Amino acid sequence: MNKLTQGIALAAAIGVSGLAQAAYIDTVANTAPAEAPVGVPGNNDYANGTGIPGGLFTGPQYYDTTDTVLLSHSLASVSEDPFKLTFTYLGKEAGYTGSFLYEGSEVFNTATSPLGDTFSVIYSGGLGKLDFGFSSDAWGSFAGSVSNQGTGNLAGGYNFSIFEVGEDWFILSLDDNNQVDDNHDDMLVMVKASKVPEPGTLALLGLGLAGIAVRMKGRKKA
């Protein structure tokens, strides 16, 4: 095997190994109560894709009224290894000003965050529920809050549901007042978990690609 072939094989092997992974995050049922999956309400404007005055969402529509969502569940780390969490603000349909918080700090705000805004962090907390939640303000007055680390993810009429788009990929749908409507589209945040590249792996990949470049350059001169 010549050096060029060796370099390509090394880079390919590293690339393939980087794709293999187990799940990093998954849903866990809570105890107060752990409700079964329910159908998306017909008045969920995000799922319908129709929108209403004051409703702003970024596409595509990841789910519709034929799908089901989880109530009274939380998202938890199922990996003891560090991984990358990426949160994306998908939009809102609400009169209240909603906030999404990670580890107690505001990440997105329905009044100020642009659609598609993202926030990433390396999670190294091991197994257990992720530390995020929602809070809302009703024209200067506190309207409610809920934490993913709670036992029911609901506080009176204030709660959020979870829709699984794929492995390590979920949408969190807030309902900030289901005593008025039950549409779970008052604030939507997408969360994805992904592998953290190891420094050694990146260095080997760089060496392999550099070797390929040098070899190709030498061939052109010849």
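**Reading strands and cores in a predicted model**

Guide: The accessible surface of the protein chain comes to about 11,100 Å², and 56% of that belongs to carbon and sulfur atoms; such areas come from the Shrake-Rupley method with a 1.4 Å probe, and for residues only the protein chains shown count as cover. This is a predicted model, in which local features need pLDDT of at least 70 and side-chain atom pairs count only at pLDDT 80 or more, while totals for chains, interfaces and linings use all residues. Residues are numbered from 1 along each chain as its sequence is written, and side-chain values use heavy atoms, with hydrogens and water left out.

Visitor: How many helices and strands does the secondary structure of the protein chain come to?

Guide: Helices (H or I, at least four residues) and strands (E, at least two) are DSSP runs, numbered from the N terminus. Here they come to three helices and 16 strands.

Visitor: Which strands pair with β16, and in what sense?

Guide: Two strands pair if DSSP finds at least two bridges between them. Strand β6 (residues 83–93) pairs with β16 in the antiparallel sense over seven bridges, and β15 (residues 169–175) pairs with β16, also in the antiparallel sense, over six bridges. In β16, V191 is the bridge partner of F87 and the bridge partner of F170.

Visitor: Is β16 (residues 187–194) mostly covered or uncovered?

Guide: Buried means under 20% relative accessible area, exposed over 50%, and partly exposed in between (1.4 Å probe, protein chains only). Six of the eight residues of β16 are buried, and in the protein chain of 222 residues, buried residues make up 40%.

Visitor: Which residues touch the most other members of the largest nonpolar core?

Guide: In soluble globular proteins, nonpolar side chains tend to be buried together. A nonpolar core is a set of buried Ala, Val, Leu, Ile, Met, Phe, Trp, Tyr and Cys residues joined through side-chain atoms within 4.5 Å. The largest has 27 residues, of which L85, F100, F134 and L172 touch the most other members; the strands that each supply at least two residues of this core include β6, β15 and β16. A second, separate core of 11 residues includes A47, Y63, L90 and I171.

Visitor: Where is the place of N148, and is N148 buried or exposed?

Guide: N148 is in the loop between β12 (141–147) and β13 (154–155), and N148 is buried because its relative accessible area is 0%. A polar atom of the N148 side chain lies 2.8 Å from the backbone oxygen of L75.

Conventions:
Polar contact = N/O pair within 3.5 Å; in protein donor to acceptor, adjacent residues only side chain to side chain.
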